[in-house]
Amino acid sequence: MIELTIDSKKITANKGETILQAALKNGIYIPNLCYDKRLIPFAGCRVCIVEIEGQRKLEASCATIAKDGMVVRTDTPKVRKARQTVLELMLVHHPLDCPICDKAGECDLQELVYKVGKPEGRFVRKRKEAPADIRGPLVELNANRCILCGKCVRICDEHQGRAALGYIGRGFPTVVQAAFGEILWCDFCGQCVDICPTGAILSKAYRFEARPFFLEEKETICPFCGVGCTLTLGIREGKILRSRGKTGTGITDGNLCGRGRFGFDYIYSKNRLNTPLIRKGGELTSASWEEALSYISNNLKSIVTNHGASSVGAIGSHRCTNEDNYILQKFMRNVIRSNNIDSSAAFGYGLVEKAWEMAFGQKGHRIDLKSPLNKDVILVIESDLSTTHPIFGLNILWAKRREGANLIVADSRETKLTRHSSKWLRIKQGTGVALLNGIMKIISDKGLFDKGKVSNITGFSSLESVLKDYSPDAVYKITGIPEEDLASVAEIYAKAKTRMVSLSIGVSENTKGLDTVLAAANLINFMGDNTDSLQIPAEYSNTFGLYQMGIRPDAGPGFIPLEKTGKGILEMLYEPDSVKALYIVGEDPVVNFPNSSKIVGRLKELNLLIVQDIALTETAKLAHVVLPASRWAEKDGSFTNAEGLMQQLHKVVNTTGQSLPDWQIIKNLSQTMGRDIGIKHLADISEEIYAHFASLQSSLSPEKRSFNPVSYIPGEKPDAEYPLSMVVRDMLYHSGSMSTRSESLDLVAPEAILEMNEEDALKLGISDNSLVKVTSKRDSVYLKAKISEAIPQGTVYVPAHFPHSRINALTHLQSHGGISLDAVKVELAKI
Ligand code: SF4
């Protein structure tokens, strides 16, 4: 620590901190425009100049390292005059078009001119006269208003790792634009919109919608991925007009990805449900709440009487709040008396939980978003974490690019992480288990682990015997990774002082499963590392929460095991006649779950299908009764993020039509069924949740490690008829199928595209935008093709988000319930 004096106040600072950083940390304001704590000091705007005792020149405080004993003055006449001159020079070029600028009222330049004092205006004004560049789908560039502080260029490159923006030209005509002045096409994270101090970069969706001072700002939690960023929503006349991240707000300190920033408008989708619907004469027709709830009550009672409680099942939702999910499981267990309840987590987070218990004897796996920081080595297995969990991905990039971590990414396709990696292991898709086993085998052979420490762990000798099959040569044949690369990665990993393995897993991916998590956990145990060396984030906004609330057939709230296990997803949705009635809340299995044709068949067989959702989903279209639920922004409650942090959601807009919060619908249904569920208000549910949460704390079991050896099992193998492997992966611009209802995100990614390698495409006569027919052993779908260098030969990549693309009509479940690669045939569609 060092000590310095700023404006007569003695403060302390860390060695290496700049004067500006030290001042801001100690509550001393120094005006600035080009500084942001996420960026490398730039000293571009010169507004933060200060006087340092003993120095003749004024210095930019953002780029001057604070020194012990330094005496700094931030507001002397000399500093003020120089600062005014700097602003005066900016205003030579910057237009005074505040009346028509969306930023007016929250423009940093406007604010500074007001604070520092009106410049004299001694220079001849020369304005840029480029028209606003509104060619891109979401972001508008107004070069005329740009002060060339470079914040947007730097956040895009240094922080986001995208480098989509750059300085075009030299001198006065310099503008910030995409390379070669092309249309800006990027991650659409919108960080440039938030960071721009003037109106040079704006959100197109928000353009001319409202003046900032007429907006009411309310905070809530993002409804998309498991990171759980805080959104600051701008609302006018009851409508959300924008979403932004504010520095210092929420667990990600104001960082947002494009889904959180632009995707909120999914709640205004056209197929929003306004009233309950009952199927009459084959058609879903509007009904009153009384009619719909009585219909459900009568039918459920009759099914339970005739077929027993075990003939009723329910599916909960990672999009619903903890309170909604809690009351759903209570309804099933206390009113229906059935433990048949599950969710999409059965294909993702549920597998992580299972592996965690098997490998470490613990429940409730949670990640630490900051875990990548200060790691020497980060090993990512077949996952594009910058896509599935963008802000977690930013921390991985930070660790690599700012802290010098060794980032090793094993993936079959090129991604942002592979581009920034220290080493890209381009493995064949779905072979992560073999790679992890191969790494352990080399570590074992070279004696790079503490055998004495880990050989007592249960299963060690079985693991050793399984690893015998994973010689570098055998691993090369499975993964395609040359022996020397595998050996070097194993050595780097084993010798690192601090290391972690990370991956994603979920219903929207088909290259990893329980075995991959077990193989990764084996590596953690093998090295004798702490369990937090394995980081697998829960997929969606409340995946962790729904699991914690007991939306699973084998445990109640707080992970407390049940005496009698109910039926899970695999039985309820894939086995004939396993249940007669299903209550599906906030989930669309027909779009999101594998082998959807089979699911459609099962749903059509049901005596009663109740779907409760915000929109008429593909699953809802098959229902006997559809109940309109409130959107995420229309209700209070909580989400629990992948860190296990319960965060409050706030009702920020009114409900639409007759829709109600999910918890209220379920409470009303149990009343209609003549059962008092013991809940009248939301607070009653919260109280019960906290009681269970307390029991979770007491149920935390001590660590009990074991090895669970796993062998590589290939997915569906390509053959002469189906010669290509199909990988299902998330897109950056979408989260499940919910975000596909967002008009803004639709502008960027409106449909599923099949990505394929150029050589495969040439052989099949396919070019960019060709309409192709994709056929698996189960079904065929039609998609547009995109030729991409990022894709390896013999493979095609597709996302499952889009209902009309029906990707899950092609996919399948393995015999043990996992989702794995599908073999497909791709041909030019005959039009
Ligand atoms: Fe944050 Fe995830 Fe929402 Fe993006 S999608 S803003 S990373 S919570």
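Visitor: How closely do the axes of helix α13 and helix α18 come, and at what angle do they cross?
Guide: This is a predicted model. In it, the axes of α13 (residues 432–445) and α18 (residues 514–527) come within 8 Å. They cross at roughly 15°.

Visitor: Why is α13 roughly parallel to α18?
Guide: Angles under 35 degrees count as roughly parallel. The crossing is roughly 15°, so α13 is roughly parallel to α18. The crossing of the two helices is left-handed.

Visitor: Which residues of α13 and α18 meet?
Guide: From α13 come V433, L436, N437, I439, M440, I443 and S444. From α18 come D515, T516, A519, A520, N522, L523, F526 and M527. This contact divides into 10 nonpolar residues, four polar and one charged.

Visitor: Now the strands. In which sense does β28 pair with β30?
Guide: Strand β28 (residues 753–756) pairs with β30 (residues 780–787) in the parallel sense. Four bridges link them. Strand β28 also has two bridges to β31 (residues 795–798), and that pair runs antiparallel.

Visitor: What stands opposite E755 in β30, and what in β31?
Guide: In β30, K786 stands opposite E755. In β31, Y797 does.

Visitor: Last, the ligand. Which residues surround the ligand?
Guide: Look for C222, F224, C225, G228, C229, C257, R259, G260, P390 and I391. Two elements, α6 (258–262) and α11 (390–401), each give two or more residues to this shell.

Visitor: How many residues of the shell are nonpolar, polar and charged?
Guide: Seven are nonpolar, two are polar and one is charged.

How values were computed. Residues are numbered from 1 along each chain as its sequence is written. This is a predicted model: local features need pLDDT of at least 70, side-chain atom pairs count only at pLDDT 80 or more; totals for chains, interfaces and linings use all residues. Side-chain values use heavy atoms; hydrogens and water are left out. Two strands pair if DSSP finds at least two bridges between them. A residue is near a molecule or strand if one of its heavy atoms lies within 4 Å of it. Ala, Val, Leu, Ile, Met, Phe, Trp, Tyr, Cys and Pro count as nonpolar, Asp, Glu, Lys and Arg as charged, and the others, Gly among them, as polar. Axes are lines fitted to C-alpha atoms, for helices over the stretch in contact, and angles run from 0 to 180 degrees between N-to-C directions. Angles under 35 degrees count as roughly parallel, over 145 as roughly antiparallel, 65 to 115 as roughly perpendicular and the rest as oblique. A crossing is left-handed if the near helix is turned anticlockwise from the far one by less than a right angle, and right-handed if clockwise. Contact means heavy atoms within 4.5 Å.
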